Structure formats: structure tokens, C-alpha cells
Amino acid sequence: MARSDFWMTERIRVRFTEVDRQSIVQNGAYFTYFSVALNEYFRALPFDRDNENVSGAGFHVVRGDIEYRAPLRFDELFDIGARIARVGSSSFTISYEIFRVDGDEPIVSGSQVWVNTDQQTRRATPLPDVFRDRVAKAEGANVAFA
């Protein structure tokens, strides 16, 4: 994907605690960046997971993928784009791309599948209509609804 495929991006600076001895970002830190981007996506949508999800339900990640093309280094600024690519009845897939501030080619790509889960039974439950409606409005034709 290109930078222009994302209506929402977040700028982040690599912190010391996220790098290894060669000052390169550790693999696991990218999932932290994905988490930051997801939170900012919900803020921009807007969707308040605590107050707008159905009572007793919450989102849980069940799958995460990542592809590395080039490293990030300590103190480097970068942009991360997030977009929901697919919405099912109880789950959604969110895609991420990391770009250098001055670049349009992604250096890291990833995705996650999140499931809306009843917190008592730990079983999937339908996504709230307000969530589906706001994603449809924000993503337009770029999102697939199952």
C-alpha cells in the first residue's frame, strides 16, 4: 500500500527502550507501534471502546502478522498508517504500514485480526452497529464488509 491509502497516520519517534545494541528497533516493538496506531485510529474515527461497545464486550487480538523491509533506528521519526480493511460480523482486520517521514514506500507492513468478545463467556459477539457505520464512513470503498 502507499501512504495515500491511509486517511489516518500517526508520527512516532523511536525511543531508546525500543532498540537493541545496534540501535535498531527490536522486532517486538513494532507491535507496540501498531497498538499506538490502533488507539489513534479509534480516536480519529471516533470510537470509544469503553463506552460505545456493547455492554460486557471487548476487542481481543487473535492474529498478528508483520513483514520487515528496512530497519528503524534510535531517535528516528516515522509515520504509521492504519486502516481497517475488512469487517466481519464479530471481527475486523486492520492493516498497518510504516513509512519514513520523507518516504512513500512502506518499510514495515503488518496486520491484526481483532474479535469482539463477550467478556463473561469469552465467545465472539457481533460488532456494534455504531462501529461498523463509522468504519464504513471513514474507509469508504476501501473496506470489505462480510
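## A loop between two strands

D75 lies in the loop between strand 2 and strand 3 (77-87); helices (H or I, at least four residues) and strands (E, at least two) are DSSP runs, numbered from the N terminus. Although D75 is not a glycine, its phi is positive, at about 70°. D75 counts as partly exposed because its relative accessibility is 41%, where buried means under 20% relative accessible area, exposed over 50% and partly exposed in between (1.4 Å probe, protein chains only).

The model is predicted: local features need pLDDT of at least 70, side-chain atom pairs count only at pLDDT 80 or more, and totals for chains, interfaces and linings use all residues. Residues are numbered from 1 along each chain as its sequence is written, and side-chain values use heavy atoms, with hydrogens and water left out.

## Further backbone features

S23 is found in the loop between strand 1 (8-13) and helix 1. This residue, which is other than glycine, also has a positive phi, near 65°. With a relative accessibility of 33%, S23 counts as partly exposed.

Another loop, between helix 1 (29-44) and strand 2 (57-68), contains P46. The peptide bond leading from L45 to P46 is cis, and its omega is near -15°. Most residues other than glycine have a negative phi, and most peptide bonds are trans.

## The largest nonpolar core

A nonpolar core is a set of buried Ala, Val, Leu, Ile, Met, Phe, Trp, Tyr and Cys residues joined through side-chain atoms within 4.5 Å. The largest such core holds 33 residues, of which Y33, F92, I98 and F131 touch the most other members. At least two residues of this core come from each of strand 1, helix 1, strand 3, strand 4 (91-100), strand 5 (106-118) and helix 2 (129-139). Helix 1 gives the most, with eight residues.

Contact means heavy atoms within 4.5 Å. Residues up to four places away in sequence not being counted, F131 touches F42, L45, F47, F59, I84 and F92. In soluble globular proteins, nonpolar side chains tend to be buried together.

## I94 in strand 4

I94 is found in strand 4 and counts as buried, because its relative accessibility is 0%. Leaving aside residues up to four places away in sequence, I94 touches L38, Y41, A82, R83, I84, G110, S111, Q112 and W114.

I94 and R13 are 81 residues apart in sequence, and their C-alpha atoms are 22 Å apart in space.
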